[in-house]
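Me: Got a model here. Can we walk through it?

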Amino acid sequence: MTVQQIVDALGLKVLSGDGLLERAVSGGYASDLLSYVMAKAQPGEVWVTLQAHPNVVAVASLTDVACVIITEGIQPDEVTLAKARQEGVILLGTNEDTFRTVARLAALGLEG
Amino acid sequence: MDLHVHTVLSACAELEMLPGPIVERARALGLAGIGVTDHNSAENVLAVSEAGRRAGVAVFAGLELQAKEEVHILAFFPGAGQALRFQEEVYRQLPAGQNDPRRFGHQLVVSADGELLRENTRFLQAPLAWPLRECAEAIHAHGGLAIAAHIDRPAYGLLGVLGVLPPGLFLDAVELSRHADPAEWTAREPALRQFTLISSSDAHRLAEIAAQTWFRVAEPTFEELKLALQGTAGREAHILAVERRHVQ
Ligand SMILES: [Zn+2]
């Protein structure tokens with residue numbers, strides 16, 4: 001499964017990384033505490049969170065997750081978006097909450 | 001005064017946040033004092049204090065701790081020596097591993113003149129092993145003041161992250177971020193009335209340094225700051241209305 005397929009299936013808004021959406025996704029992880037994400041998220045996973053500040057981009061880059069889905073309709077500020085574009089980090093947005101988003105990812109066959 | 005200012009030691013701060021330019025900007029704004037609050041470190045406090053002495057701006061020796069809950073809390077000490085001793089304990093609470101400057105930014109230790117002395121390689125943007133309560137206890141055990149930082153912010157703010165003020169957490173004051181309206185926040189969270197509220201800039205660039213809280217003190221010293229936060233001996237701190245901030 002690719003990021004593009006997830007974007008299409010869940011109707012996500014692409015906030016950054018338009019040209020990178022063919023990356024393969026291997027599974028998923030959800031948490032809002034960055035220390036947990038750093039310890040547990042695996043490269044190639046989709047990370048679901050409602051955090052939307054610049055350190056989210058740094059952690060996404062560090063853990064090499066495939067993309068970040070920001071839930072609850074929260075909009076990252078311009079600093080965060082610029083950093084994401086510069087780092088080649090895919091940020092996706094949804095108005096749904098984290099539970100609903102993870103449920104839909106699981107229904108697509110992604111596992112934690 | 002503006003009690004929440006970052007220097008180039010904070011990975012997320014701009015490279016212009018050097019001791020000289022910071023205190024010059026503070027002086028130009030008519031600030032009597034500023035707090036130096038880098039993430040989990042006080043290694044630039046001495047340099048900014050020295051620059052402050054030259055410019056006639058008081059510098060409060062501080063750190064901005066990141067508690068285990070990923071909530072920020074400011075710590076202030078009577079002097080740079082106490083702050084640096086406290087820092088040694090903070091460093092023992094940091095996770096192992098190094099800062100990745102390419103992803104998080106550089107953490108620069110500089111002289112009062114802004115010369116690069118060294119790069120701090122610890123992962124200072126990380127949460128400590130101490131939960132909030134232990135952060136506050138450690139600060140007080142070292143004779144410091146504990147102020148919950150930008151509590152309104154969804155990222156790293158006490159109310160933003162935890163949703164409520166944890167009962168039994170002893171704080172000397174509570175800080176609101178620059179756009180938060182104190183009346184609105186005390187209406188939303190009545191428990192805030194038991195705390196002295198301040199507002200600071202959390203400046204990561206020079207243009208963000210600002211006078212948002214007015215302190216009635218005899219002089220800008222740690223002891224007077226403590227009295228102002230307690231609201232005793234005729235000392236007090238209150239947040240300026242947004243439209244009055246530019247004239248300060
Ligand atoms: Zn700060």
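Me: How many nonpolar, polar and charged residues are in the lining of the largest pocket?
Reply: The lining has 18 nonpolar, 16 polar and 14 charged residues. Ala, Val, Leu, Ile, Met, Phe, Trp, Tyr, Cys and Pro count as nonpolar, Asp, Glu, Lys and Arg as charged, and the others, Gly among them, as polar. This is a predicted model: local features need pLDDT of at least 70, side-chain atom pairs pLDDT 80 or more, and totals for chains, interfaces and linings use all residues. Residues are numbered from 1 along each chain as its sequence is written, chains are lettered from A and ligands numbered from 1 in the order written, and side-chain values use heavy atoms, without hydrogens and water.

Me: Which residues are closest to the centre of that pocket?
Reply: Pro54(A), Asp77(A), Val79(A), Cys12(B) and His204(B), out of 48 lining residues.

Me: Which element gives the largest share of the lining?
Reply: H4(A), with five residues.

Me: Switching to the metal. What coordinates the zinc ion?
Reply: His4(B) and His6(B) through NE2, Glu64(B) through OE and Asp202(B) through OD, at 2.0 to 2.2 Å. Donors are N, O and S atoms within 2.8 Å of the metal (3.2 Å for Na, K and Ca); water is not among the atoms, so sites may look incomplete.

Me: What spacing do the donors follow along the chain?
Reply: H-x1-H-x57-E-x137-D. His4(B) and Glu64(B) are 60 residues apart and link distant parts of the chain.

Me: Are those two buried or exposed?
Reply: Both His4(B) and Glu64(B) are buried (under 20% relative accessible area; exposed is over 50%, partly exposed in between, with a 1.4 Å probe and protein chains only).

How values were computed. Helices (H or I, at least four residues) and strands (E, at least two) are DSSP runs, numbered from the N terminus. On a 1 Å grid over the protein atoms alone, a cavity is a set of points where a 1.4 Å probe fits but cannot get out, and a pocket is an open set with protein on both sides within 12 Å along at least five of seven lines; lining residues have an atom within 4 Å of a point.
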